[in-house]
Amino acid sequence: MARRRTDAYGSPMSLDRAAIDRTVDELSDKLVDLSRRIHETPELSFDERRASAWIAELVEATASVSVERGLAGMETAFRARAGAKASPRIAVLAEYDALPELGHACGHNLIAGAAVGAFLALARQAPALAGSIELVGTPAEEGGGGKIRLLEGGTFEGVDAAMMFHPFDRDVLAHPALATTRLSAAFHGSPAHAAFAPWDGRSALAACLDTFRLIDGQRVHFRDGVRVYGIVTNGGQAPNIIVEDAACEFTLRAPTSAGLAPVVDTVERCMRAAALASNVEVTIERENGYREMLNNMTLVRRFSAALTALGHAPRETDPTVGAASTDMGDVSLALPAIHPWLAICDEGETLCHEREFAACAKSPRGFRTMLDAAKAMAHTAADLFEDPALVEQARAEHRAARARSVHG
Ligand SMILES: [Zn+2]
């Protein structure tokens, strides 16, 4: 039931909730076609030219809005706006990048379709929106962190809430996402013939491999939820030469950014200790990754109610499945945000970044989930437009959670 409200001039104003669902259903062929095309044309981070163009064309052809193409120095980022008032500003986020070799094995084509669906359903009722709905195209989630650049470029300044959905093997609405960073070590020794005079050389590879062994020795001290995983990126030149140059790279993750700091210290110490043991030089570089996800429970509960009304039985989280990292975490530290995970296959059948998951991301079930996510996000935004107290509640929760996260 739509709640009747009046604006400052006393005019009646209400959103037609049933019409939200009808619009998504009516547009379902177009949304599925868009999502399928993106799936069949996988484009890597920052290279999503066709996907972003197709989304912008569909939005402009369906709603009477213009799409701002190119944001924060990224050609494939975009934004569209609809609504009768400047605030509150509610953003739905689209991702559309694919993975090297695996294509859309993370299902970002469905994220795009759901965001477009939610935006168009609300844009259809633009004159009744007590605020503005924004569709933000966010490139390069799989590598590059488009949302971080958008944050730095001011795209989210003044936005009151941001939401997106991510495909998964179960419905979990407030699942954690880990803070992450990368550390790489380049070791430099001195070469020698591996048989004539190995004693004359200093092996960079020995230091590289010792790094892995030293880190393994420290794992017992890591707190729960920490993940450290590495690969050798340079293992040497030939098996008859004592290795002059070798390198490795590690991804470090922890439940919070604060919890990541001691893990960084440990891994750095292991790299330096390994270099010391082999008497080689080491150069360590750190690349900042994504921050942890602060799931805004005020928004999660509204999304949960909308999703339940569509026949889902979502859980808040599930400790039996692991957590990954997303640049939505950075957004969630800046403003109230949600990143619910919804099933596009049976639980345990397959997970993100597996070939079978790519098939699920273009299956009838995947598309049904995409349309449900579009409706649930649109209803959540409608709740915020109709109830200013809810916006304030989300904001207050965010302030408190952020203070805990920074100090925790
Ligand atoms: Zn993903």
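Tutor: Along the chain, the donors of the zinc ion follow the spacing C-x1-H-x57-H. Donors here are N, O and S atoms within 2.8 Å of the metal, or 3.2 Å for Na, K and Ca; water is not among the atoms, so sites may look incomplete. The protein donors are Cys-106 through SG, His-108 through NE2 and His-166 through NE2, and they lie 2.1 to 2.3 Å from the zinc ion. His-108 sits in helix H4 and His-166 in strand E8, so this pair links distant parts of the chain, 58 residues apart. (Helices, H or I with at least four residues, and strands, E with at least two, are DSSP runs numbered from the N terminus.) Both His-108 and His-166 are buried, a word that stands for under 20% relative accessible area, with exposed over 50% and partly exposed in between, using a 1.4 Å probe and protein chains only.

A word on the model before we go on: it is predicted, with local features needing pLDDT of at least 70 and side-chain atom pairs counting only at pLDDT 80 or more, while totals for chains, interfaces and linings use all residues. Residues are numbered from 1 along each chain as its sequence is written, and side-chain values use heavy atoms, leaving out hydrogens and water.

A search of the whole structure finds 3 aromatic pairs. Rings of Phe, Tyr and Trp (its six-membered ring) pair if their centres lie within 6.5 Å; planes under 30 degrees apart count as stacked, over 60 as edge-to-face and the rest as tilted. One of these pairs is Phe-78 with Tyr-96, stacked at 5.7 Å centre to centre with 15° between the planes. Phe-78 belongs to strand E4 (residues 74–82) and Tyr-96 to the loop between E5 and helix H4 (108–123), 18 residues apart. Phe-78 counts as buried because its relative accessibility is 2%, and Tyr-96 does so at 0%. Another pair, Phe-168 with Trp-341, is tilted: the centres are 4.8 Å apart and the planes make 50°. Phe-168 lies in strand E8 (residues 166–168) and Trp-341 in strand E14 (residues 341–343), so the pair ties together parts 173 residues apart in sequence. Phe-168 counts as buried at 5% relative accessibility, and Trp-341 is buried with a relative accessible area of 8%.

Inside the order, strand E5 (residues 89–94) and strand E6 (residues 132–137) pair in the parallel sense over 6 bridges. There, Ala-91 has Glu-134 in E6 as its bridge partner.

Technical notes:
Two strands pair if DSSP finds at least two bridges between them.
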